[in-house]
Amino acid sequence: MEKVLILLGCPESPSQTPLALYTAHKLTKMGFDVTVASTPSAAKLLEVSDSEEFYVQKKVDLEKCLEDLEEKEYDLLVGFVHKDAAVSYFVTFYHILNTKSYAIVFEKDPELLEKFLDDLTENTDAILISARAYHNPTPLRVKIDKAFKELED
């Protein structure tokens, strides 16, 4: 079974938690062994939103995960990127893992969204899934479904 690591940073965007649960569930149904690495505040939101661990069974602290991370430890990296710090974390995990990667990039400010996309393009070869989003997760959900089609084949 292939292993996937999902990165969650600061949960200030309302779209992040439901999209993370959706993505984790989708990947689990596709046969992946899913682990979510997150900040403590994002972990708390996951615990409340998924109290019976229906969608996410494996969780780890983001900093602890980074300390122990080894190349090729995961077969797939999926990162939620909506801040400068999230860009930095994603790029760091990307270069350590050296594996297929998807960056789910979202921001309500179009200039910031473009900056995040530019930074990721300059520093990774990750597949970028992006939309102007903050409150409404639907545009990103549709793009996630489309991008993950290739994983199903």
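Is C65 buried or exposed? C65 is buried, with a relative accessible area of 8%. Here buried means under 20% relative accessible area, exposed means over 50%, and partly exposed lies in between, computed with a 1.4 Å probe on protein chains only.

The model is predicted, so local features need pLDDT of at least 70 and side-chain atom pairs count only at pLDDT 80 or more, while totals for chains, interfaces and linings use all residues. Residues are numbered from 1 along each chain as its sequence is written, and side-chain values use heavy atoms, with hydrogens and water left out.

**Cysteines**

A disulfide is a pair of cysteine sulfur atoms within 2.5 Å. Searching the whole structure for disulfides gives zero. C10 takes part in no disulfide, and its nearest cysteine sulfur, that of C65, is 18 Å away. For C65 the closest cysteine sulfur is the one in C10, too far for a bond.

| Residue | Relative accessibility | Class |
|---|---|---|
| C10 | 29% | partly exposed |
| T39 | 18% | buried |
| D68 | 43% | partly exposed |
| T124 | 6% | buried |

Helices (H or I, at least four residues) and strands (E, at least two) are DSSP runs, numbered from the N terminus. T39 sits in the loop between β2 (33–38) and α2 (40–49). Contact means heavy atoms within 4.5 Å. Not counting residues up to four places away in sequence, T39 touches L8, G9, C10, P11 and L62.

D68 belongs to helix α3 (residues 62–68). Its side chain and that of K64 are joined by a polar contact of 2.9 Å. A polar contact is a pair of N or O atoms within 3.5 Å; within protein, one must be able to donate a hydrogen and the other to accept it, and residues adjacent in sequence count only if both atoms are side-chain atoms. D68 and Y22 are 46 residues apart along the chain, and 26 Å separates their C-alpha atoms.

Helix α5 (residues 110–123) has 14 residues and reaches 20 Å from its first C-alpha to its last, close to the 20 Å expected at 1.5 Å a residue. The expected span is 1.5 Å times one less than the number of residues. At the start of α5, the backbone nitrogen of E111 has a side-chain oxygen of D109 within 2.8 Å.

The buried residues of α5 are L113, F116, L117, D119 and L120. They lie on the same side of α5, because they cover an arc of only 160 degrees around the axis; the arc is that of the directions from the helix axis to the C-beta atoms. Their cover includes β4 (76–81), α4 (84–97), β5 (100–106) and β6 (127–131). Exposed residues E111, T121 and E122 are on the face of α5 turned away from its buried side.

T124 is in the loop between α5 and β6. A polar atom of its side chain lies 2.8 Å from the backbone oxygen of L120, and a polar atom of the T124 side chain lies 3.2 Å from the backbone nitrogen of A126. Leaving aside neighbours within four places in sequence, T124 is in contact with F90, V91 and Y94.

**Aromatic pairs**

Rings of Phe, Tyr and Trp (its six-membered ring) pair if their centres lie within 6.5 Å; planes under 30 degrees apart count as stacked, over 60 as edge-to-face and the rest as tilted. By this rule there are four aromatic pairs. One of them joins Y102 and F148, with ring centres 5.0 Å apart and planes at 75 degrees, so this pair is edge-to-face. Y102 lies in strand β5 and F148 in helix α6 (residues 138–152), so the pair ties together parts that are 46 residues apart in sequence. Both Y102 and F148 are buried.
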